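Please read them with the sequence and the model open beside you.

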Amino acid sequence: MRRMMNKKFHMILCALFVMIFVISGCGNAGSSSDSSAKPASSTKEEVSSNSDTRTVSTVKGDIKVPANPQRIVVNWYVGDIFTLGIKPAAIMGWKQETMPFYDKFNDIPNIEKWETEEIMKYDPDLIITYDTKDYDKLSKIAPVLVIPEDKMTSLERLKFLGQATGHEAEADKVISLFESKLSQAKEKLSSDIFKDKTFSIFEDWGSGSYGIYYETGSRGGTLLYNYLGLHKPEKLNTLVKNSGEGRGSLSYEVAAEYFGDYVLWFKQEGKESEYAKTKIWSSIPAVKNGHIIEIPAKYAGLFYYSDVASMTGQLDYIISKLLDQAK
């Protein structure tokens with residue numbers, strides 16, 4: 001009799017385990033990734049009991065990432081990762097000596113092609129990218145943090161990555177330094193000399209190529225317009241709004257109409273500007289007033305990225321040049 005009761009008890013116990021397993025499985029399925037559910041990324045302070053992982057909310061849903069990732073592979077946000085004091089396992093990015101983190105590139109492999117086979121070679125435990133298309137093709141290798149460029153500001157992104165990788169203190173330190181310098185810079189630009197002035201960013205690619213190329217994001221654009229709060233010329237602002245593009249080309253014939261009161265003028269290595277030799281150039285108010293801030297080709301690296309460390313360096317450079325002109 002007791003044997004029969006024990007047998008029934010074990011059957012009931014097994015049935016309960018099966019029910020719990022099914023319910024648990026359904027709960028996990030209900031929390032699967034849904035890119036439309038979360039328009040922006042954030043971190044949840046949820047670390048598992050054994051402190052091996054943390055849950056991060058991204059545009060691709062909640063992602064479990066290592067609490068202390070050791071082998072990070074990253075593409076466009078390489079500056080952020082270096083700034084956090086992390087040495088990635090591999091990167092895909094351009095390096096140049098005027099980047100504030102140039103020395104950090106030493107001994108780090110550069111991925112030539114951002115493809116699954118190449119990335120797998122570095123056995124990553126976390127992949128960081130800007131492209132949502134990377135999620136499906138790379139998430140089988142390792143957890144993937146997707147951060148589209150238009151979903152976060154540079155400061156928000158660094159803070160997010162600091163939280164996601166366990167380097168929040170490093171992020172806070174760099175952000176604090178930048179915000180302090182930014183506040184001082186705004187104070188210096190608040191004088192009547194710069195009041196209501198407009199700013200453009202241009203590079204001459206030649207009449208047979210792109211003509212005059214304008215930029216509003218890279219090349220210091222993020223710093224000028226998003227953080228310093230400086231203004232584009234009305235015509236350039238209208239062009240950007242109507243086209244939906246923050247960069248593009250202008251012909252030599254019309255480019256002068258888009259010049260601001262001040263211009264960041266990027267030079268190319270070993271090339272003189274063809275446009276600067278035209279009669280149109282000499283008639284431009286910013287040229288006549290000496291308000292062209294030339295950026296030598298060797299500083300292309302400093303103005304390449306829009307991460308916080310790069311913008312801090314850009315801020316020092318631009319403010320110094322502007323104040324020199326004001327004298």
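1. Which element gives the largest share of the lining of the largest pocket? It is helix 7, from which 4 residues of that lining come. Please keep in mind throughout that this is a predicted model.

2. The largest pocket holds about 860 Å³ of space. Its lining is made up of 29 residues, and those closest to the centre of the pocket are Glu149, Gly217, Ser218, Thr222 and Arg247. By residue class, the lining divides into 9 nonpolar, 10 polar and 10 charged residues.

3. On confidence, the chain has a mean pLDDT of 87, and 84% of its residues reach 70 or more. Where pLDDT is low, the predicted coordinates should not be read in detail.

4. The backbone deserves a look at two aspartates. Most residues other than glycine have a negative phi. Aspartate 107, although not a glycine, has a positive phi of about 65°, and this residue is found in the loop between strand 5 (90-91) and helix 3 (116-120). Aspartate 107 has a relative accessible area of 73%, and because exposed means over 50%, this residue is classed as exposed.

5. The second case is aspartate 123, which is likewise not a glycine and has a positive phi, here of about 45°. Its place is the loop between helix 3 and strand 6 (126-129). Is aspartate 123 buried or exposed? With a relative accessibility of 54%, aspartate 123 counts as exposed.

6. Lysine 113 lies in the loop between strand 5 and helix 3, where aspartate 107 is also found. Lysine 113 is exposed, with a relative accessible area of 59%. Which residues does lysine 113 touch, once those up to four places away in sequence are not counted? They are Met92 and Glu118. As for methionine 92, it is 21 residues from lysine 113 in sequence, while the C-alpha atoms of the two residues are 7.9 Å apart in space.

Methods
Residues are numbered from 1 along each chain as its sequence is written. This is a predicted model: local features need pLDDT of at least 70, side-chain atom pairs count only at pLDDT 80 or more; totals for chains, interfaces and linings use all residues. Side-chain values use heavy atoms; hydrogens and water are left out. On a 1 Å grid over the protein atoms alone, a cavity is a set of points where a 1.4 Å probe fits but cannot get out, and a pocket is an open set with protein on both sides within 12 Å along at least five of seven lines; lining residues have an atom within 4 Å of a point. Grid points are joined across faces, edges and corners, and a volume is the space filled by probe spheres set on the points. Ala, Val, Leu, Ile, Met, Phe, Trp, Tyr, Cys and Pro count as nonpolar, Asp, Glu, Lys and Arg as charged, and the others, Gly among them, as polar. pLDDT is the predictor's confidence in each residue, from 0 to 100. Buried means under 20% relative accessible area, exposed over 50%, partly exposed in between (1.4 Å probe, protein chains only). Contact means heavy atoms within 4.5 Å.
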